[in-house]
Every structure is written in structure tokens, then in C-alpha cells.
Amino acid sequence: MSAAPSVQPVPSPMAPGLRVGRAALAVSFLLQGTTFALLVTCIPEIQHRYGLSDGLLPVFLAAVPILAGVGSILSEQLVKRTGARAVLRVVQPAVCLSLAGAGLGGSLWQLALALGAFGLLVGALDASMNMLGVGLQHRYGRSIMIGFHAAFSLGGILGAGIAGLGSHYDLGLPVLFGTAGAVIAPLAVLTGTRFAGPAELGDAVREAAEAAARSIPWRPLLPLCLAMACAYIADASVSNYSVKYLTDGLGSREDLAKLSYLGYMVAMLLGRALGDRAVQRFGAVAVVRGGAALAALGFGLAALAPAAWAGIASFTVLGFGICAIIPQVFAAGGRLFPADSDAAVARLNLFNYVGFLIGSPLVGAIADASSYRWALLAPMLLVLAVLPLAERFAPAPVAAPAAA
């Protein structure tokens, strides 16, 4: 749920195990992307298994980001005592087990317990993964966080594909989530043995945390915070409701409906791979404007989609639009406060939770009152709010040299 912070180079030399730690963390991001995609693409099956009404579904979905925020705050205290590596080694296998629990229960209280645990643990996982990633980035002295988040997108593609196969062969949630937990949890444990620790990172994680804690003014960041929240409202709408829209709104088969999220994640991955070149050629302002317009077009096409194939294509278009906005929010924040870029990034990152907290209940409530077609127009209008904010993404003008 977060993107690449700006870099504060650290001059200390790299330890031999640093590359191994980087590869291990990339695998951790991939496993988390797979786990998250399995959960969100199976929301219709979860709703059917537990008899969850359309009115109650947004409540359950909204509770996850709230608890994730709590888990993120709690994990920061644990990291101070034990280190990001120790926290990550524990919470990632536990997230996999909570996913299995969501598929094995049969009563609403069991679902609430499983999703509550998932929310708390995924918040701690998100925080510790990114803390470790920022520490590695500080030791490398150059941007490497984009690669980690690309691995998350790749995991999302994998998870959506697995969910589609599970639906096609009618495996059921106990088999699908149980097997996924039984496979991914041991992989997470094994990957955790290769994470970078104090020998490789030194004080890099602590230095990054101290940089992020420095006080900077809120006012210059507020337009970027709004853009971040709007982008994540759009992302939450796709994550939680794209599959359900295809099944309930367009009458799609459940296995085919999973392709909506898969197409979205493929577009995110490809867009992030090409995004830097687009910014270099056209500039950040043009890329953000084009991304917001393309995302709004994707929502509009999805709302008008006559059939499942059109819905899948629409969400793919939407992914190409959203992927351009989020990384540029972080880049613009770093340019505003070049000496305190980590502090700016930490504040901007809070608004991914704000977006998820607003997006799920908003779309769910409108859909319950009318239909999913009308519900998709709400995030479309909100993502259009990024257009007048695009000027805030422009690099600061370089002062002309004084005349002799």
C-alpha cells in the first residue's frame, strides 16, 4: 500500500550479505502481494460462505484498514525493541495463517476474528517490510524501493491467477486458502532467514526512522495528501469490488471475474516499469494529469460495461492510470523537502490508509443503495480531483546564475 521514498545516501560500505537481504525482501513483498490478492479477489466467495449481506460487507472491509493502521503503529514500537527483521519474520507467516482462517470458518464471528487478525498483522507487515526496505535503500545509496513494490504487483498477478484457477475448478475457500497458507507460510519462514540484519544494515533503519520523525510543516503537503487519498480510494474500489462487480453486476462467472484484478495488477506492473521514462520525456505534471484522466476513463468504461470482457478491459485501463499517480506523489513530496524527504514520505504514506478507509465503505454503501454501476462513479469523480492538483507535481524551477 505504499511507494518508493526518496533516497538519503549513506556512505558506509555494503556488507557481502546485502544483496541476499535485498533479494529476500523482494520475495517477501511478492508473497504479501500473493496473499493480499487471494483475499480481495475471493470477496464474493467469502460473502457467500458466511452469508454476509451487501449492507454488512463494507463494515467488514472498512475494519481491515482501520486495524492495519493500528498494527502499523504497534509495530513501530516493536521495531524499536527488536528490529524490523524480527517483527517481519513473525508477522508474515502469521498473515498467511490468518488468510487460511478466513477460509476455514463458518460463522460471522469467525470471519470477524480472521479478518481482524489479518488487518492487524498486515499493518505490522507493511510497516516492517517498508522499514527494512528503507534501511536497505539507505545502505545502497540509490532508489531500490520501486523494485520491491514491483514484486508486490507481481505477487498480486500470481494471487489473482491462483484464485481464478481455484474458482474455475470449484476448489472452495477451505482448500484454496488452506493450501495457500500451508505453502506460503513456510516460504515466508524460509525467506525470513535471509533478511538483512544489523551486520548488513548497521544503523541504517534507525537513521531512516529518525529522518522520518523530523518535524516538517503540513501545509505544503496537503495537496499531495489529497492526491494520495484520491488515488488510494480508486485502488481500494478496484481491490475490493472489481470482482464483485463482474459477478453481481455483469453476471460473470467467478473464475472469469478474477481477471479484472489480474488485469489491473498487470497494468500497474507495466506502468511502473515504464513510468520513469514517461516522466523524463513528458514531465511529472503531464504524466499525473494523463494518469488521472485515464483512471477516470477506466471507471467510466467499467460503469458502462455491457459484459465481463469490457469490465476486465476497463479495470486494466484504470490500472495504467493509477500507477502513474502514486509514485509521483512521493517524488513530489521529496522535492518539496529535499533535506527531510523521509519525513515527507512518512506523512504522505498515512493517506494510503485514509484512501482505503474511505474507498471501501463509500463504494459499498452506494452499491447497496442503488447499483455497482452508480457506485463506480464516486471514485471516478474523486480521481478527477487530482487534475487541478497536477501543478503541485512540477519540479521547483532552477534559479538562473547571477550575472558577474
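**Exercise 1.** Does Phe152 count as buried or exposed, and at what relative accessibility?

*Solution.* Start with the scale: buried means under 20% relative accessible area, exposed over 50%, and partly exposed in between (1.4 Å probe, protein chains only). Phe152 comes out at 17% relative accessibility, so Phe152 counts as buried.

A quick note before going on: this is a predicted model, where local features need pLDDT of at least 70, side-chain atom pairs count only at pLDDT 80 or more, and totals for chains, interfaces and linings use all residues. Residues are numbered from 1 along each chain as its sequence is written, and side-chain values use heavy atoms, with hydrogens and water left out.

**Exercise 2.** Describe the aromatic pair of Phe36 and Phe152.

*Solution.* Rings of Phe, Tyr and Trp (its six-membered ring) pair if their centres lie within 6.5 Å; planes under 30 degrees apart count as stacked, over 60 as edge-to-face and the rest as tilted. A search of the whole structure turns up five such pairs. For Phe36 and Phe152, the centres are 6.3 Å apart and the planes 40 degrees, which makes a tilted pair. Next, find them on the chain: Phe36 is in helix α1 (residues 18-41) and Phe152 in helix α6 (residues 145-168), 116 residues apart. Helices here are DSSP runs (H or I, at least four residues), numbered from the N terminus. Phe36 is buried too, at 10%.

**Exercise 3.** Where is Asp170, and is it buried or exposed?

*Solution.* Look in the loop between α6 and α7 (173-192). Asp170 is exposed, with a relative accessible area of 67%. Its phi is positive, about 55 degrees, although Asp170 is not a glycine.

Definitions and conventions: Helix = DSSP H or I, 4+ residues; strand = E, 2+ residues; numbered from the N terminus.
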